[in-house]
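Hello,

Here is the structure I promised to pass on. Please open it and follow along with the notes below.

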Amino acid sequence: EHERKVAIFDLLEANHFAPVGGFEGPYSIYLSIEENRLVFDIRNAKEKTLTRVPLPLSPFRSVIKDYFTVCGSYFESIKKGSRDQIEALEMGRRSLHDEGSQLLMERLKEKIEIDLDTARRIFTLICVLHIRS
């Protein structure tokens, strides 16, 4: 829940998000999982849907699974691990987070233009959605 709040706060503070189609911002974006797809429901300031962008989740499954595994090990190592172990797991966690973010940018390439920081924050939200579903 904390990670979700931080990701949303950071997205509101700074982001680069431009859906293909020449839509005027600002946007409200609703993320959901429907029929094994991540759906970006992009709305205008009046909450009218401008476009919906579905994205298959299957390409993300292994990265998300590995990310959760490393996060679990990282939190366990904080309790009783060595400093070197904690740092190694943190590097692995960041690497997987970057991999998921790059994959998101690649999969959205011709649908929504985003930068790496925005992709990182959205990848965090995708992981939160997986926990909830």
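This is a predicted model: local features need pLDDT of at least 70, side-chain atom pairs count only at pLDDT 80 or more; totals for chains, interfaces and linings use all residues.

The crossing of H2 past H3 is left-handed.

Which residues make the contact? From H2, they include Val63, Tyr67, Val70, Tyr74 and Ile78. From H3, they include Ile86, Leu89, Arg93, Leu96 and Gly100. By type, the residues of the contact of H2 with H3 divide into nine nonpolar, six polar and four charged.

Now turn to the strands. Start with strand S3 (residues 37-43). Is S3 mostly covered or mostly uncovered? Mostly covered: five of its seven residues are buried.

S3 pairs with strand S2 (residues 28-34) in the antiparallel sense, over seven bridges. Look for Glu34, which stands opposite Arg37 in S3. The hairpin of S2 and S3 has two residues between the strands. In that hairpin, Glu35 takes a positive phi near 50°.

S3 also runs antiparallel to strand S4 (residues 49-56), and seven bridges join them. Here, Ile42 stands opposite Thr51 in S4. The hairpin of S3 and S4 has five residues between the strands. Glu47 takes a positive phi near 65° in this hairpin.

One point to keep in mind as you look at the strands: in a regular strand, side chains alternate between the two faces of the sheet.

Best wishes

Note on methods
Residues are numbered from 1 along each chain as its sequence is written. Side-chain values use heavy atoms; hydrogens and water are left out. A crossing is left-handed if the near helix is turned anticlockwise from the far one by less than a right angle, and right-handed if clockwise. Helices (H or I, at least four residues) and strands (E, at least two) are DSSP runs, numbered from the N terminus. Contact means heavy atoms within 4.5 Å. Ala, Val, Leu, Ile, Met, Phe, Trp, Tyr, Cys and Pro count as nonpolar, Asp, Glu, Lys and Arg as charged, and the others, Gly among them, as polar. Buried means under 20% relative accessible area, exposed over 50%, partly exposed in between (1.4 Å probe, protein chains only). Two strands pair if DSSP finds at least two bridges between them.
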